[in-house]
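Please read them next to the coordinates.

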Amino acid sequence: MGINFRKETFRDDFTFRNSPENIRRFPFPYHEDAYMYSVNIEPHVPGPKNSVFEHLVDVDEHYVSEMQDRAMVLAEDPLRCQSLPHMTLAGWDLLELLMTEKAASYPEHFSLTREGDRWHWINRPLGIDDTFTFGDVSTLPYGPMEYITRQSQGDFAILDQRDNNLWMDAGMITTQADWSLDFDIGMNFFEWHAPVPLAHEMGVFTRALKFLTNIQQGKPARRLNWTMTINPRLDTSPENFHKWGSDRLTVTPENVGEKVHLRVELQSFWRLPRSNALVFPIRCYLLKMDELVTVPKWARRFHRVLRDLPVELAEYKGLTRYRQTTVEWLSKYDDGAPTSPGFSPD
Amino acid sequence: MKTILSRPVYGTLSPQAGKSHLLIADAEGASAILDLAKKAPEDFFAHAHIMFIPGRTGDSFQASLKALKPAQYYEGPSVAAALPRLNWTLANAHMGLRMYLAGTEGLIGQMMQAAIEAGIDPASIQTEHRGSWARRIQCVHCKGITENVTTQPATCSHCGLLLLVRDHYSKRHAAFQGVCINAEDPTEIPQTEEIFR
């Protein structure tokens, strides 16, 4: 019994969709009928079976197609993957973390055999079978961070910790929402979050930094963030904004269900053992409105959240052009009944 | 003025204890050096190197700067032209060199970049903004840098896209970020205003 990997696209003809089982495991991010910023960090521990938290590094039915999309992004724009010279050791740390987690959680798809520094890695879904020397960059086809993140869903930011701050000094960022690694690389925690409205004044980043710099090895943490995307496009980079921005004008009452997606980021935070860096995987999950409304509680709640969202947040998340159309479409699925507390579908 | 946390905060130049002093300014930045001189010990400029890029101020500051009698005085047409000399100076600098940067954000940012690459602690560098608030921007799309941007929006001098000039600033690029302002609807052409003066 393994994962049935879908063959689908996140560009051009946009054939991405979720199977019914995958809809049920979507990490719906609102625990009540309203949304406001909060630090909302919790321990990243294994969760219920058939949820995205079942394994600490989640692999799902979109894995193979997402990795193909990443390879296309990198071929067009190699600057999406950058690592400052002092971050190579952290790259090896990340490679070890992802290989060991994947091999332990999904033995039918991945295997890792270690004899001293000689490592043998098999990634069956992507058809990779490599033997290399851990710590020797010349034995891999890419740097260690690039090598393993070409095989791992989600973006990855690696943060160096020094001077009581975190520094965005390496990353593989191909599915980002409105930030550029090439621009932000080398910035500290407050600098790269500088454009976020409201949250600085609320002290969110000061508290978050304090929490993150205290993360211990073996005790990762996580939080959810969300935005919306028109079409199931993974590469919503600012680099290509002039190519995809006009998607936002294409939403009509007839196509909301197919075109408008809730985009949830599962962000997790891990201390790396050798480098003492933090790695910050940002995993993106997409859900079509047609798929969302198959869960009545989520349909009611998302209608209320989107309708009542503060204007600044809607603007920052880029929802302004299609928010009203989407709210009206969702209202058909909201009979005003109360919703149960918590994230679960009921 | 409301600012954001990625943008540098500039101070006021004041003479520091040190064996030698490297003072770099463009345009009205020269007046910050002249003001520092009023507070400086007598032998300060005997160990000073002034690098000056007059820009829009033409020849209005040269005589006063030279009258400070710096050990070395340089005048150049642009930051790009001055960088080889700066890099040589930093590479051959001794312990106890103090750096002072004054003028536009573009000058301060680029000189700071060169200093950081040479291993100088940025916290030890004095900066003061004077003169134009013209911005140096990196186009997030084509990655080209456009100098001396005074308008919002601004046209990328490389790819021609109409860019929203953001306040988000990268010290590594010494530039603000420019993002296509009409990506959602390219037929919308917002009015251009001269706001970074």
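1. Six salt bridges are found by the rule across the interface of chain A and chain B, in what is a predicted model. One of the salt bridges joins the side chains of A:R248 and B:E184, with N to O at 2.5 Å. Polar contacts across the interface of chain A and chain B involve 13 residue pairs, both residues being at pLDDT 80 or more.

2. On the side of chain A that touches chain B, the elements giving two or more residues are helix 5 (181–184), helix 6 (189–192) and helix 8 (241–244) of chain A. That side has twelve nonpolar, seven polar and eight charged residues.

3. The contact draws 27 residues from chain A and 25 residues from chain B. Between them the two chains bury about 2,100 Å², with 57% of it on carbon and sulfur atoms. Of the area that chain A buries against chain B, 29% is supplied by A:F183, A:H242 and A:R321, more than by any other three residues.

4. The second largest pocket has a volume of about 850 Å³. Its lining consists of 31 residues; those nearest the centre are A:W167, A:G186, B:I116, B:P122 and B:K171.

5. Which elements supply at least two residues each to the lining of the second largest pocket? They are strand 7 (165–172) of chain A, and helix 4 (105–117) and strand 10 (162–170) of chain B. Helix 4 of chain B provides the largest share, six residues. By class, the lining of this pocket has 15 nonpolar, eight polar and eight charged residues.

Definitions and conventions
Residues are numbered from 1 along each chain as its sequence is written. Chains are lettered from A and ligands numbered from 1 in the order in which they are written. This is a predicted model: local features need pLDDT of at least 70, side-chain atom pairs count only at pLDDT 80 or more; totals for chains, interfaces and linings use all residues. Side-chain values use heavy atoms; hydrogens and water are left out. Contact means heavy atoms within 4.5 Å. Buried area is the accessible area (1.4 Å probe) that two parts lose on being put together, summed over both. A salt bridge is a side-chain nitrogen of Lys or Arg within 4 Å of a carboxyl oxygen of Asp or Glu. A polar contact is a pair of N or O atoms within 3.5 Å; within protein, one must be able to donate a hydrogen and the other to accept it, and residues adjacent in sequence count only if both atoms are side-chain atoms. Helices (H or I, at least four residues) and strands (E, at least two) are DSSP runs, numbered from the N terminus. Ala, Val, Leu, Ile, Met, Phe, Trp, Tyr, Cys and Pro count as nonpolar, Asp, Glu, Lys and Arg as charged, and the others, Gly among them, as polar. On a 1 Å grid over the protein atoms alone, a cavity is a set of points where a 1.4 Å probe fits but cannot get out, and a pocket is an open set with protein on both sides within 12 Å along at least five of seven lines; lining residues have an atom within 4 Å of a point. Grid points are joined across faces, edges and corners, and a volume is the space filled by probe spheres set on the points.
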